[in-house]
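Reader: I have a model open and want to go through its contacts with you. Can we start with the charged pairs?

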Amino acid sequence: MDTVSENACHGGVQGVYRHQSEATGCDMTFGLFLPREARDGPVPLLWYLSGLTCTHENAMTKAGAQGWAAEHGVALVFPDTSPRGEDVADDDAFDLGQGAGFYVNAKRDPWAPHYRMWDYIADELPKIVTRNFPADEARQAITGHSMGGHGALTLAMSLPGRFRSVSAFSPIAHPTRSDWGRKQFAAYLGDDESGWAGHDATLLMREHGFDGPVLVDTGTNDQFIDLLMPEALAEAVATRRQQATLRLQPGYDHSYFFVSTFMEEHIAFHAEALYAG
């Protein structure tokens, strides 16, 4: 693993690291913020999954998360959103290919050789982080924005016991019924829609739910709200009687101005779960 950069940040260190990934078959880059407390031993870990077109850098520089994480003694991981490189398949559209991995393992060519973001986020990167840095494997939480909110919710509900809490900013909540989902699932997973359900937060909520607290924020002025379908997730939460706080924030859109506004509350929400018990 190579150190790309390390900078002092809110009493801790914001690092960027690059490594060869077995899951994706290419070099991958991630950001990791370690608070001051990490000097004395392992600290709780909050994953932040980014959205379409993003790299590891977007949330790292725009979300304003490090200051709030430092207040609570929580580490932050900022993974990339897809494999990258000259040999990695891509598409001219912004919502398919590089920058749009959708946190699934692709089964169809030309995507299958590299687009294994589920394995990368669920298995490979957690091992790299917890083995090489003072991050507590037993205390993890997850959040994300848009496509990353979709990834956070689906990973949390599919990996029981891994995460103590889950939150999302304007997640793609019902991708099997949205153009942000159907297009990508058909390309990556194939035309058999029965294989898509494990990557749909609304369907997973109906089937499994999450054993812990859930927080979701979506802006009422989100220009993509019809693609996000927050009402579908809300219905599934109500039907299952899941412990959850789902909020529509008046006047906010899909941007990082929205994310940064509510980041303090999300990190405090996760810190309460991470330090409980």
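Reader: How many salt bridges does the count come to?
Author: The count comes to ten salt bridges, where a salt bridge is a side-chain nitrogen of Lys or Arg within 4 Å of a carboxyl oxygen of Asp or Glu. Before going on: this is a predicted model, in which local features need pLDDT of at least 70 and side-chain atom pairs count only at pLDDT 80 or more, while totals for chains, interfaces and linings use all residues. Residues are numbered from 1 along each chain as its sequence is written, and side-chain values use heavy atoms, with hydrogens and water left out.

Reader: Which residue forms a salt bridge with arginine 84?
Author: Aspartate 80 does, with the closest N and O atoms 2.7 Å apart. Aspartate 80 counts as buried at 5% relative accessibility, while arginine 84 is partly exposed at 26%. Buried means under 20% relative accessible area, exposed means over 50%, and partly exposed is in between, with a 1.4 Å probe and protein chains only.

Reader: And aspartate 217, what does its side chain meet in a salt bridge?
Author: The partner is arginine 247, at 2.7 Å from N to O. Aspartate 217 sits in strand β8 (residues 214-219) and arginine 247 in strand β9 (residues 245-249), so this pair ties together parts that are 30 residues apart in sequence. Helices (H or I, at least four residues) and strands (E, at least two) are DSSP runs, numbered from the N terminus.

Reader: Is aspartate 217 buried or exposed?
Author: Buried, with a relative accessible area of 0%. Arginine 247 is partly exposed, at 24%.

Reader: Which residues are linked in a network of salt bridges?
Author: Arg177, Arg182 and Glu193 are. Arginine 177 is exposed, with a relative accessible area of 52%, and glutamate 193 is partly exposed at 34%.

Reader: Switching to the nonpolar side. How many residues has the largest nonpolar core?
Author: It has 65 residues, and those with the most contacts inside it are Phe30, Leu32, Val129, Ile142, Leu155 and Tyr188. A nonpolar core here is a set of buried Ala, Val, Leu, Ile, Met, Phe, Trp, Tyr and Cys residues joined through side-chain atoms within 4.5 Å. Helix α3 (residues 117-132) supplies the largest share of this core, eight residues. Apart from it lies another core, of 24 residues, including Val16, Phe33, Ala69 and Phe262.

Reader: Where does α3 bend?
Author: At glutamate 124, by about 35°, and proline 126 follows within four residues. The bend is the angle between axes fitted to the seven residues ending at a residue and the seven starting there.

Reader: What do the buried residues of α3 pack against?
Author: They pack against β2 (12-21), β3 (26-34), β4 (43-49), β5 (75-79), β6 (135-144) and α4. Among the buried residues of the helix are Trp118, Tyr120, Glu124 and Pro126.

Reader: Now serine 165. Where is it found?
Author: In the loop between α4 (147-158) and β7 (166-169). Serine 165 is buried, with a relative accessible area of 0%.

Reader: What does its side chain make a polar contact with?
Author: The side chain of histidine 270, at 2.7 Å. A polar contact is a pair of N or O atoms within 3.5 Å; within protein, one must be able to donate a hydrogen and the other to accept it, and residues adjacent in sequence count only if both atoms are side-chain atoms. Leaving out residues up to four places away in sequence, serine 165 also touches residues including Gln140, Ile142, Phe210 and Phe269, contact meaning heavy atoms within 4.5 Å.

Reader: And serine 178, what does its side chain reach?
Author: The backbone nitrogen of tryptophan 180, at 3.0 Å. Serine 178 lies in the loop between β7 and α5 (179-189) and is buried at 2% relative accessible area.

Reader: Last one. Is glycine 73 buried or exposed?
Author: Buried, with a relative accessible area of 1%. Glycine 73 lies in the loop between α2 (65-72) and β5. Not counting residues up to four places away in sequence, glycine 73 touches Pro35, Glu37, Val43, Pro44 and Tyr275.
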